[in-house]
Structure formats: structure tokens, C-alpha cells
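Dear colleague,

Please find below the structure I promised to hand over. My notes on it follow, arranged by region.

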Amino acid sequence: MVDAAPVAGRPSRRRRVLLAMLVILIPVALVGAVAGGLLAWDAGYEGRVLPGVHVGEADLSGLDRSQAAASIEAAYPYQDGRVVLRTPDGDVAIPYADFGRRPDVGALVDEAMASGRVAGLPERTLAQLRQAVEGTTIEPRVVLDEAA
């Protein structure tokens, strides 16, 4: 006859099953909670630049498209100033605005909005966390109106 009582110091079968379920379920629940939190954080920045994004010295974190464009234009007034051509007949000053010198606002805002928003969830999560901690700097660019 076999004794059905549990052996001293050894958990019962029911306890082992419960312990195994906890070992599996707790990490899964933690990963799910972290992923849900990161998705909610990402959704909170829908239509806005993610934290840590700069164009040169201009911090665009949390700004929408129009605010980001205004911030870039204020930080980089490339249309101000002039070119002075020295000729034998005297100096000729041509304002930068006459040939459409300005920051490439559209392309810079597009790049800032896309920064940290890569395809897959694991890559996106890592990119956004890295960007929030280390920051991303986009070099400002200037464009000229070729017709002018």
C-alpha cells in the first residue's frame, strides 16, 4: 500500500503546479504591462515630436508640426543678413531674402516627426527610450530659391 501523504520538505503536486504557473505568468504580465505603458506613452505623442529631438540647438520635444516649424524658423533666421560682393566699381550688398535663403523647414520637421518612430514594436521601444535619454540632434539645413 502506497502512502498518499506528501513527503516532508517536498511541496505537493498542487503547489508545484501553482508555483510553475506563477513563474510563467508573472514575467508575461510584467512584459505586457511594460509594453502597454510604452504604447500609451507613444500614443500620447501622436502628431507631436517625441522627447529628445533637437534641430541644432532648437528643442522640438513635444511640439506639433506648426510649433516645430515656428521654432526652427525662429532659431535659424537664415534669410536675415546679406552677401557683399566686392567689385572694382564698389561693394554691392544683396540681402539673403532676395535669393530665398531659408532653413529647410519642411524637411527638418518631417525628419523630427519621424525620429524614433521605426517599424517594429521592439525596435521602436528601444529607439524611443534611447532618444529620450540620449537625445537626437538633426543638423539644420539651408535651402535657396533657385528661381530667385
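**Findings in the predicted model**

At a relative accessibility of 46%, Leu-39 is classed as partly exposed, because that value falls between the limits of 20% and 50%. Please bear in mind throughout that the model is predicted. Leu-39 belongs to helix 1. Along the sequence, Leu-39 and Thr-125 are separated by 86 residues, yet in space their C-alpha atoms are 8.5 Å apart.

**Helix 1 and helix 4**

Both of those residues take part in a helix contact: Leu-38, Leu-39, Trp-41 and Asp-42 of helix 1 meet Leu-121, Arg-124, Thr-125, Gln-128 and Leu-129 of helix 4. Sorted by class, this contact consists of five nonpolar, two polar and two charged residues. Two packed helices are described by the angle between their axes and the distance between the axes. Helix 1, which covers residues 13–43, packs against helix 4 at an angle of about 65 degrees, and the axes are 11 Å apart. Helix 1 is therefore roughly perpendicular to helix 4. The crossing of helix 1 past helix 4 is left-handed.

**Helix 2 and helix 3**

How do the axes of helix 2 and helix 3 cross, and within what distance do they come? They cross at roughly 125 degrees and come within 10 Å. Helix 2 is therefore oblique to helix 3. Here the crossing is right-handed. On the helix 2 side, the contact involves Arg-65, Ala-68, Ala-69, Ile-72 and Glu-73; on the helix 3 side, it involves Val-105, Leu-108, Val-109, Asp-110 and Met-113. Seven of the residues in this contact are nonpolar and three are charged, with no polar residue.

**The largest nonpolar core**

The largest nonpolar core comprises 16 residues. Those with the most contacts inside this core are Val-49, Val-55, Leu-60, Ile-72, Val-109, Ala-112 and Ile-138. At least two core residues come from each of strand 1 (53–55), helix 2 (65–75) and helix 3 (105–114). The greatest contribution is that of helix 3, with five residues.

Which residues does Ile-72 contact, leaving aside its neighbours within four places in sequence? They are Val-55, Leu-60, Pro-103, Val-105, Leu-108 and Val-109.

**Two buried loop residues**

Ser-115 is located in the loop between helix 3 and helix 4, the latter spanning residues 121–134. Is Ser-115 buried or exposed? With a relative accessible area of 12%, Ser-115 is buried, because the value is under 20%. Apart from its neighbours within four places in sequence, Ser-115 is in contact with Leu-50, Val-53, Gln-131 and Thr-136.

Gly-100 is found in the loop that runs between strand 4 (90–95) and strand 5 (102–103). Its relative accessible area is 16%, so Gly-100 is likewise buried. When residues up to four places away in sequence are not counted, Gly-100 touches Val-143, Leu-144, Asp-145 and Ala-148. By contrast, Gly-100 and Leu-121 are 21 residues apart in sequence, and their C-alpha atoms lie 41 Å apart in space.

Yours sincerely

Notes
Residues numbered from 1 in each chain as written. Predicted model: local features only at pLDDT ≥ 70, side-chain atom pairs only at ≥ 80, totals over all residues. Heavy atoms only, no water. Core = buried A, V, L, I, M, F, W, Y, C linked by side-chain atoms within 4.5 Å. Buried < 20%, exposed > 50% of the residue type's maximum accessible area, 1.4 Å probe, protein only. Helix = DSSP H or I, 4+ residues; strand = E, 2+ residues; numbered from the N terminus. Contact = heavy atoms within 4.5 Å. Axes fitted to C-alpha atoms, helices over the stretch in contact; angles between N-to-C directions. Parallel < 35°, antiparallel > 145°, perpendicular 65-115°, else oblique. Left-handed = near helix turned anticlockwise from the far one by under 90°. Nonpolar A, V, L, I, M, F, W, Y, C, P; charged D, E, K, R; others polar.
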